[in-house]
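Got the viewer open and a selection tool ready?

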Amino acid sequence: MKIGFIGAGNMATAIIGGLLSSNFTPADIHVFDMDAEKLRVFSEKGLSVDENSLSVTENSDIIVLAVKPQNYKEVILSIKDSANSDKTFVSIAAGITISFVRENLGVDCPVVRVMPNTPLLLSKGATAICPSENVREDVFEVVRSMFATGGVAEILTEDKMDAVISVNGSSPAYFYLFAKAMADYAVGEGIEYEVAMNLICASMVGSAEMLRNSGDDPETLIKKVSSKGGTTLEALSVFYNNNFEGVVKDAMSACTKRAKELSAEA
């Protein structure tokens, strides 16, 4: 099975890296990008570099559309002549629906809608996947494994795919902002930035492991960190008094709203 990538940015590079690490034959991966330097690097790794998007589509069984949402329509129309119901198309952009891909290709082809996140670059990704009803099981397993080899992959129905962007697609930025605020405070207290960030990152990783493996829910874990009359409760009271959870939910709602707008604008 041959896999093509239209666009060779960070996300495509991460997915291709996962394929290569799983011993996928490099020559069976086709790629095109406007950046000649990126193509040179892939060519040196043994990948098949194509001259344009249409050629990638012609030569591939699975085509990953790894371009920005604003460029989807242009790219899809450029490959329309090579699209057919035997080829499976993978959308990895926010707001780009299965119906959008099909309607613009003019064919009722199999489509897998995917929302990955940037930690996929370090094989620590979190990906949501939604196949159309006509994706073959063996093809879907190939697509799922493309992302599962680089982290966690969960299957959702399409009506959840806009909302899940706020859960995994955009959420790394939330954590980065929280870490930045913590580090900025630490520096203000005279702690070196590198020392503070090292401790913050270790705390984030450890907390994630506790959420995943301790068997406790978030509320129970919060209580286990908090002692009556102690420092943690003082910090938490500030969060609660400033409606921290409400702010997070409002931010996630804004993210989902923008995903729907991108779908309408595409």
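Start by selecting Arg-102, which sits in helix H5, residues 98–105. Keep in mind that you're looking at a predicted model.

Is Arg-102 buried or exposed? Its relative accessible area is 15%, and the cut-off for buried is under 20%, so Arg-102 counts as buried.

Now show side chains and pick Asp-108 as well. The side chains of Arg-102 and Asp-108 are joined by a polar contact of 3.3 Å. To see who else is around, leave out residues up to four places away in sequence: Arg-102 then touches Val-107, Asp-108, Cys-109, Val-111, Ser-132, Glu-133 and Asn-134.

Colour the two strands next. S5 (residues 88–91) and S6 (residues 111–115) run parallel, with 3 bridges between them. Helix H5 packs on the sheet here, where H5 touches S5, S6 and strand S7 (125–131). Compare directions and you'll find that H5 makes about 135° with S6.

Time to zoom out to the whole sheet. What order do its strands come in? Reading across, the order is S3-S2-S1-S4-S5-S6-S7-S8, an open sheet of 8 strands with mixed pairing. At the edges are strand S3 (48–49) and strand S8 (151–155), each pairing on one side only.

For a last stop, select helix H1, residues 10–21. H1 lies across strand S1 (3–6) and strand S2 (29–32), and runs at about 160° to S1.

Technical notes
Residues are numbered from 1 along each chain as its sequence is written. This is a predicted model: local features need pLDDT of at least 70, side-chain atom pairs count only at pLDDT 80 or more; totals for chains, interfaces and linings use all residues. Side-chain values use heavy atoms; hydrogens and water are left out. Helices (H or I, at least four residues) and strands (E, at least two) are DSSP runs, numbered from the N terminus. Buried means under 20% relative accessible area, exposed over 50%, partly exposed in between (1.4 Å probe, protein chains only). A polar contact is a pair of N or O atoms within 3.5 Å; within protein, one must be able to donate a hydrogen and the other to accept it, and residues adjacent in sequence count only if both atoms are side-chain atoms. Contact means heavy atoms within 4.5 Å. Two strands pair if DSSP finds at least two bridges between them. Axes are lines fitted to C-alpha atoms, for helices over the stretch in contact, and angles run from 0 to 180 degrees between N-to-C directions.
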